[in-house]
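Student: Could you walk me through this structure slowly, please?

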Amino acid sequence: MKAGLITGASSGIGLELAKIHASKGENVLLVARRKEKLLVLAEEIEAKFKVQALVFECDLGDEKAVEELIESIASKGIFVNYLFNNAGFGGWGTFADRNAHEDRNMVAVNIQALIRLTHAFLPEMVKQNEGRILNTASTAGFIPGPLQATYFATKAFVVSLTKATHFELRKTKVRVTALCPGPVKTEFEFAAGMGDSKMFEKGADAYSTALKGYQAMMKGKAIVISDFGFAILIKYLSPFIPDRFILKVVEKMQTK
Ligand SMILES: NC(=O)c1ccc[n+]([C@@H]2O[C@H](COP(=O)([O-])OP(=O)(O)OC[C@H]3O[C@@H](n4cnc5c(N)ncnc54)[C@H](OP(=O)(O)O)[C@@H]3O)[C@@H](O)[C@H]2O)c1
């Protein structure tokens, strides 16, 4: 059986990616910690799109749990031909005040799990000369982020990794894409400890963000910045703006 694996499918962008992928007639493997939410989604997907939706409860911050997830998929003989490395979270506060354990967990989910799952499934995609990977990065991946220093740095890692692997794979039919949204109205702002932050009031919706990522992935693009304003800023204006000014603006945007 072939299937697309979606991490962070229990809410927000990941939930929409799972529905979009299933709507194309593709089987889906739904991964997150909140099993009940995944079960509800799986039932909805199977009824609506007549595909298989399997649920995997997994804390991606737990290295052992990630290994068990990979083993469980291998034991079912599933070829993961689409991988959506989407699960992730932020964390607010100055670096000096942040809890070291929380930041380590953020790195484990946003970076380490993404690397491990890519190592687990990319080689078979290359062997079969078929497959797509969509990494949910962020516009945060292009700039430093005072008050969310570790989060912005994790997303810079994802952008860099995606650009390099996309280039390495150019002679194959496998493609890796990074979806880089600006603010999106999901559970993210609450998980990041940013409360009802003003920055998210005018945020994009999860469905249109997921759709832009999905379409860019199918076209085989390396990077898609889903927010038009941020796209102009990052691609054309930021190279001419002094770092200090960018740091001040980002800090102000994130001040509660
Ligand atoms: N919303 C934004 O403004 C925004 C902007 C740019 C980029 N992004 C990125 O978009 C991605 C999706 O976020 P979202 O906005 O859709 O936020 P969300 O609604 O909070 O969804 C986050 C998803 O990640 C999963 N997750 C978090 N920690 C996990 C863990 N330890 N193990 C397994 N799954 C875990 C959550 O599932 P469980 O809680 O059930 O485990 C949930 O399904 C993230 O990578 C985020 O950094 C978001």
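Tutor: Let us begin with terms: helices (H or I, at least four residues) and strands (E, at least two) are DSSP runs, numbered from the N terminus. This is a predicted model, in which local features need pLDDT of at least 70 and side-chain atom pairs count only at pLDDT 80 or more, while totals for chains, interfaces and linings use all residues. Residues are numbered from 1 along each chain as its sequence is written, and side-chain values use heavy atoms, with hydrogens and water left out.

Student: What lies 2.8 Å from an oxygen atom of the ligand?

Tutor: That is a backbone N or O atom of Ile13, while an N or O atom in the side chain of Lys155 is 3.0 Å from a ligand oxygen atom.

Student: New topic: is strand S6 mostly covered or uncovered?

Tutor: Strand S6 (residues 175–180) is mostly covered, with 6 of its 6 residues buried, where buried means under 20% relative accessible area (1.4 Å probe, protein chains only).

Student: Which way do they point from S6?

Tutor: Arg175, Thr177 and Leu179 point one way, and Val176, Ala178 and Cys180 the other. In a regular strand the side chains alternate between the two faces of the sheet.

Definitions and conventions. Polar contact = N/O pair within 3.5 Å; in protein donor to acceptor, adjacent residues only side chain to side chain. Buried < 20%, exposed > 50% of the residue type's maximum accessible area, 1.4 Å probe, protein only.
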